[in-house]
Amino acid sequence: MKKFLLGTAALLAMGASASAADLAARPYTKAPAYVAAPIYNWTGFYIGGHVGGAFNGNSGFAGTSDNSDGRFLGGVQAGADYQFAPNWVIGVEGQYSWVGNNNTNIAFVGPGVPAGTGYNLNQKGLASVTGRLGYTWGPALLYVKGGWAYQDATETLFTPVAVPFATTTKDNGYTVGAGLEYLFTQNWSGKIEYQYYDFGNTTITAPAYLTQFGSSKNDQHVVKAGLNYRFNWGGPVVAKY
């Protein structure tokens with residue numbers, strides 16, 4: 001019995017040694033490197049274009065109706081942005097928009113006014129130079145803007161008999177607005193934007209029989225969508241750990 005037990009123990013020991021020899025050493029695997037998500041960089045110059053619609057304000061000459069129908073608008077823009085702090089973006093933008101004709105049409109009806117008398121302000125274009133301040137998270141930028149505005153406009157007075165007329169219409173004014181811009185890639189971005197233009201009041205000072213109608217607010221509401229190509233400085237920034 002003692003010999004049997006010793007033989008059995010020897011066989012078990014030999015089997016354990018063989019099994020341990022057959023087990024390969026566990027390979028060492030390096031942990032995968034952590035790749036930080038890119039932080040989009042808004043710093044740089046850009047150029048682009050836009051399309052949209054322009055709408056008159058509701059304040060016309062007293063006792064008249066102001067044409068506030070929407071008109072097609074399209075144009076170009078260029079600017080530069082600087083990202084800092086690190087989620088804030090400051091910039092400057094110049095923009096010009098061509099506008100559909102016949103912005104304001106007025107029919108005058110009143111004491112001493114010849115039948116068929118009317119006024120037209122044909123606004124052919126809108127321009128602006130604005131500052132811009134925005135907050136960015138990921139590829140999105142929410143911003144506000146404001147600055148100087150200009151309108152390219154001509155005026156016409158329609159009367160049965162041609163008469164000289166004069167107005168106090170201003171071509172220079174101010175604009176404010178807000179929008180949302182999104183980087184599809186580091187070089188291409190799209191935006192939607194609202195912009196308000198104010199050129200003060202238009203007042204007809206001659207002929208005398210039209211002064212009874214007072215003044216008309218000369219302002220515009222513009223909604224547009226745009227596309228920009230960006231010449232970024234240095235590409236996307238990567239967070240360091």
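Which residue forms a salt bridge with K191, the closest N and O atoms being 3.6 Å apart? That residue is E193. The legends below describe close-up views of a predicted model.

K191 pairs with E193, with 3.6 Å between the closest N and O atoms. The side chain of K191 also meets that of E93 in a salt bridge, at 3.4 Å from N to O. K191 belongs to strand 10 and E93 to strand 4 (residues 88-99), so this contact ties together parts that are 98 residues apart in sequence. K191 is buried, with a relative accessible area of 4%. E93 has a relative accessibility of 2% and likewise counts as buried, and E193 is buried too.

**View B. The salt bridge between K217 and D198.**
The side chains of K217 and D198 meet at 2.9 Å, N to O. K217 lies in strand 11 and D198 in strand 10, so the pair ties together parts that are 19 residues apart in sequence. K217 is partly exposed, its relative accessible area being 27%, whereas D198 is buried at 8%. The structure holds 10 salt bridges.

**View C. Pairing of strand 11 with strands 2 and 10.**
Strand 2 (residues 44-56) runs antiparallel to strand 11 (residues 215-232), and 13 bridges join them. Within this pairing, G49 has L227 of strand 11 as its bridge partner. Strand 10 (residues 188-206) also pairs with strand 11 in the antiparallel sense, over 14 bridges. Here the bridge partner of Y196 is H221 in strand 11.

**View D. The aromatic pair F108 and F213.**
A search of the whole structure finds 13 aromatic pairs. One of them is formed by F108 and F213, a tilted pair with 4.8 Å centre to centre and 50° between the planes. F108 lies in the loop between strand 5 (104-107) and strand 6 (118-137), and F213 in the loop between strand 10 and strand 11, so the pair ties together parts that are 105 residues apart in sequence. F108 and F213 are both buried.

**View E. R132 over the ring of Y143.**
The charged end of R132 sits over the Y143 ring, 4.4 Å from the ring centre.

Methods:
Residues numbered from 1 in each chain as written. Predicted model: local features only at pLDDT ≥ 70, side-chain atom pairs only at ≥ 80, totals over all residues. Heavy atoms only, no water. Pairing = 2+ DSSP bridges. Helix = DSSP H or I, 4+ residues; strand = E, 2+ residues; numbered from the N terminus. Phe/Tyr/Trp six-rings, centres within 6.5 Å; stacked < 30°, edge-to-face > 60°. Buried < 20%, exposed > 50% of the residue type's maximum accessible area, 1.4 Å probe, protein only. Lys NZ or Arg CZ within 6 Å of the ring centre and 35° of its normal. Salt bridge = Lys/Arg side-chain N within 4 Å of Asp/Glu carboxyl O.
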